[in-house]
Amino acid sequence: MKWSDIFFPTGVTIGILVLWEVLVRIMEIPAFILPSPWEIGVCAATKAPLIWPHALATALEIILGIVLALVTSIPLAIFMFARPGIEKGLAPFLVASQAVPVFALAPLLVIWLGYGIWSKVFMAWVIIFFPITVSLLSGLKSCDPDFRRLFTLMGAGFWMQLRLLYWPWALPQFFSGLKVGVTVATIGAVIGEWVGAQKGLGYLMIQSNARLNTDLVFACILWLTVMGLGLWALVNFAEKRMVTWKNSV
């Protein structure tokens, strides 16, 4: 990694925060409308004991949603790849699952699954499931036909081809979809908490917004951002460890 890859985004981030701080102070914007980055940072630090249990609840919902998405999307993508007719039959349902606004699904999930953790986990799953499934299926289908014929001539069956050819070939696209999924997973969990929850960062944001504690709302957003960046970095690390040939080609 080049130093410019670190310094440039860091410099841009610092510049935006400094500009935000200066404009808030010059324009004398009240904190309940738009707090400054300094006030948000102080709130996130001083109220960490309050935020932390809610952050843990949201993190658990997101992680379970990611696990559930992986457990369901990988077999489904492989099944649709092995049976193209099944793909044609399920494709409209996959698209429809994303065409329906998540805000419309959230109240129904609360009714069906209750105010506990599982309605939020399922909401996160709805967000994550589609990009992982589509990206993996696309990666499997993009395999070079010449390699397919070579493996077939060598007597390799479908499952051997899947293990030795299709799966390694599809890994880069699979991780691309997984990166998208984990970074937007917070959206599903938080929306579920907005509709009905007893804890979580989304629940804390709604309570804080009703009391005009805007700095605490931004502090929750900061923690959610850190979660998303952390998950993206974790997936990126796993990709570099598993797709070792990507940067050498």
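Buried means under 20% relative accessible area, exposed means over 50%, and partly exposed lies in between, with a 1.4 Å probe and protein chains only. Keep those cut-offs at hand for each stop.

This is a predicted model: local features need pLDDT of at least 70, side-chain atom pairs count only at pLDDT 80 or more, and totals for chains, interfaces and linings use all residues. Residues are numbered from 1 along each chain as its sequence is written, and side-chain values use heavy atoms, with hydrogens and water left out.

**Stop 1: Glu87 and Lys141**

Select Glu87. Its relative accessible area is 19%, so Glu87 is buried. A salt bridge here is a side-chain nitrogen of Lys or Arg within 4 Å of a carboxyl oxygen of Asp or Glu. The pair joins distant parts of the chain: Glu87 sits in helix α4 (residues 84-99), Lys141 in helix α6 (residues 117-141), and 54 residues separate them. Helices are DSSP runs (H or I, at least four residues), numbered from the N terminus. Lys141 is partly exposed, at 43% relative accessible area.

**Stop 2: Phe93**

Stay in helix α4 and pick Phe93. Is Phe93 buried or exposed? Phe93 counts as exposed, at 61% relative accessibility. Draw a line from Phe93 to Met242: C-alpha to C-alpha, the two are 31 Å apart in space, and 149 residues apart in sequence.

**Stop 3: Glu239 and Lys179**

Next, select Glu239 and Lys179. They form a salt bridge whose closest N and O atoms are 2.8 Å apart. This pair, too, links distant parts of the chain. Glu239 belongs to helix α10 (residues 214-242) and Lys179 to helix α8, 60 residues apart. Both Glu239 and Lys179 are buried.

**Stop 4: Arg25 and Glu21**

Go to helix α1 (residues 3-27) and show Arg25 with Glu21. Their salt bridge has its closest N and O atoms 2.8 Å apart. The two are separated by about one helical turn, because they are 4 residues apart in α1. Check the surface here. Arg25 is exposed, at 55% relative accessible area, whereas Glu21 counts as buried, at 14%. By the salt-bridge rule, the count comes to 4.

**Stop 5: two positive phi angles**

Move to Glu28, in the loop between α1 and α2 (37-46). Phi of Glu28 is near 50°, a positive value in a residue other than glycine. Glu28 is exposed, with a relative accessible area of 67%.

Then jump to Leu212, in the loop between α9 (201-210) and α10. Phi of Leu212 is near 60°, again positive in a residue other than glycine. Leu212 is exposed, at 54% relative accessible area.

**Stop 6: α5 against α8**

Finish with helix α5 (residues 102-113) and helix α8 (residues 158-195). At what angle do they pack? The angle is about 60°, with the axes 9 Å apart. Axes are lines fitted to C-alpha atoms, for helices over the stretch in contact, and angles run from 0 to 180 degrees between N-to-C directions. The two helices are therefore oblique to each other. Angles under 35 degrees count as roughly parallel, over 145 as roughly antiparallel, 65 to 115 as roughly perpendicular, and the rest as oblique.

Now show the side chains in contact (heavy atoms within 4.5 Å). From α5, select Val102, Phe103, Ala106, Pro107 and Val110; from α8, select Ile191, Trp194 and Val195.
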